[in-house]
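Welcome, and thanks for taking a look at this one with us. Please open the structure and keep it beside you while you read the briefing below.

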Amino acid sequence: MKNKKCFFLLSLILVLSGCQKGEGSTKPFVGKVDGIVTLYSINDFHGKIDQDDSYNGILALQGSVLSDTAYESSSLILSAGDMWQGSYVSGYDKGESTTRLMNDFPFASMTLGNHEFDWGVEQIQHNQEVAEFPFLCANLVEEKSGKRPSWIQDHVVLETEGHKIGIVGAIGSGLESDIKASALEGYEFSSDLDILSESYTACLEEGAEVVLLSLHDDQDSGYTNSIQESDIGFLGIFGGHSHQFQNEKDERIPYVQGGSDSRGYSSMRIDVNAKELLSIGYTDVEREMKDAADSGFAQAVEKLLKERQAQPVGYLEGRWSKSKSGNLVVMAMFEMAKKYYPEKNYDATNLLAIHNSGGVRGSFPESTTPLEITMADIQIVSPFDNEVVILPQRKVSSGGLSGCYTYPSNRFGMVGQTIDLVVIDFLLDDTAGMFSKDGALPLKGEAEEAAIIYDVVAEYICENSSKENPLRAEDF
């Protein structure tokens, strides 16, 4: 990248003895020293390419990394997963354009997160073909054979400034429940630590002087704790999944996670010769760092955003929160079920709409006047490609309503009744396991495939709002 050296020289001029940003820095950066390498990790980016009122965007993220006082031409940038799913721009081609931007960022490796599987294994393989860096997931195994598939790597040994650093990638065991069953069919995430031990050893056999773990999992998960209790000699763990700023430098294997959604990143500075972790921390990105991004990279981003401008679908107004946005989503499911199955005479006594709260990822933008809403706004709230289906004659249980948005809101008054449900297919058995998929009907009547949730929301907003009469947050 053309401007890397410029950023490094500027950093040296401005901060000759500064400290790495974020909590947990233990030693000051004093300039380039042989064997001293800084690595950065970005986790749970979720396709937040553009900068808006809620998200910093990929340019601020890159500008912040390149301007970091510890950044050098020898630095390595990794991903700890969940890079694609979460925005209209990235979801438009199922993460392919985001992968191409990652080439130019540039990334040296990417660990698969659970949301990399949202579009199925074939899409991961497709995006891998356009990536100029390896995808890693040591503990992804085939259910039948118990072996890792040939199309994914478990580790990579990266060379920089004459030194070799091993990176092992893994995903939290048990995160299968966060993935629609059909998208992960035939695979599982193994908890067998021998897999990680073998990958660690393979790095050493290939000449790695130190080995790090890039892990899509929270610092407090059972899987992460089991790694901490093992004798595997990882020098540090770059984490992800929980969207937190976390820095546990006092663990046996120091762990760090850098937020989510373009809000931050994590870093480690290591002495390869001494096999020592010098500092570990995270950085909360400032929006203004967008101006520090590489100019060529900025042009590529702006070109993509211009090409992917979403068309307006309707109007909203008011102070939208995540909960109010979720209430609109289930209202849309309910009303569209009435529209496409008029013969069922659905009303608040015989139909219940249910959507898991974790599937609602953000809120609609606030506005004191009618605001034109696009599919991009809708996919901030509901980005996943979940199909909407009707389940005829299901007995409502209180357990099935826990942690969900529902409409009508008097959901617990329906406990024990046998009625029709309209749900997203993520909630069907083998995934969240809440409902049997037997007899499921597609939302759009005779259509071969059910409608996708964000299309259902867009249709509802389009048909029920105008500039003169927008949907108002106060009504949800």
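**A strand covered on both faces**

Strand β13 is covered on both of its faces: G264, S266, M268 and I270 are buried on one side, and Y265, S267, R269 and D271 are buried on the other. Please bear in mind that this is a predicted model. With 8 of its 8 residues (264-271) buried, β13 is largely enclosed by the rest of the structure.

**Neighbours of β13**

- On one side you will find strand β1 (residues 36-42), which pairs with β13 in the antiparallel sense over 6 bridges.
- The β13 and β14 strands make a hairpin with 4 residues between them, and K275 in the turn has a positive phi of about 55°.

**The sheet as a whole**

- Strands of a sheet pair through backbone hydrogen bonds, either parallel or antiparallel.
- Here, 6 strands form an open sheet with mixed pairing, in the order β4-β3-β2-β1-β13-β14.
- The edges are held by β4 (135-136) and β14; each has a single partner strand, so one side of each is left without a neighbour in the sheet.
- The parallel strands β3 (residues 109-111) and β4 are joined by 2 bridges, and T111 has L136 as its bridge partner in β4.

**Helices to look at**

- Helix α2 (residues 58-67) lies across β1, β2 (76-79), β13 and β14, and runs at about 25° to β13.
- What span should helix α11 (residues 453-464) have at 1.5 Å a residue? Its 12 residues should span 16 Å, and the end C-alpha atoms are 17 Å apart, which agrees.
- The buried residues of α11 are I453, Y454, V456, V457, A458, E459, Y460 and I461.

**The largest pocket**

- Rolling a probe the size of a water molecule over the atoms shows where empty space is left.
- The largest pocket has a volume of about 580 Å³.
- Its lining consists of 25 residues, and those nearest the centre of the pocket are D50, D52, A376, D377 and I380.
- Which elements give two or more residues to the lining of the largest pocket? They are α3 (88-91), β17 (367-374) and α10 (375-381).

Methods
Residues are numbered from 1 along each chain as its sequence is written. This is a predicted model: local features need pLDDT of at least 70, side-chain atom pairs count only at pLDDT 80 or more; totals for chains, interfaces and linings use all residues. Side-chain values use heavy atoms; hydrogens and water are left out. Buried means under 20% relative accessible area, exposed over 50%, partly exposed in between (1.4 Å probe, protein chains only). Two strands pair if DSSP finds at least two bridges between them. The expected span of a helix is 1.5 Å times one less than its number of residues. Contact means heavy atoms within 4.5 Å. Axes are lines fitted to C-alpha atoms, for helices over the stretch in contact, and angles run from 0 to 180 degrees between N-to-C directions. On a 1 Å grid over the protein atoms alone, a cavity is a set of points where a 1.4 Å probe fits but cannot get out, and a pocket is an open set with protein on both sides within 12 Å along at least five of seven lines; lining residues have an atom within 4 Å of a point. Grid points are joined across faces, edges and corners, and a volume is the space filled by probe spheres set on the points.
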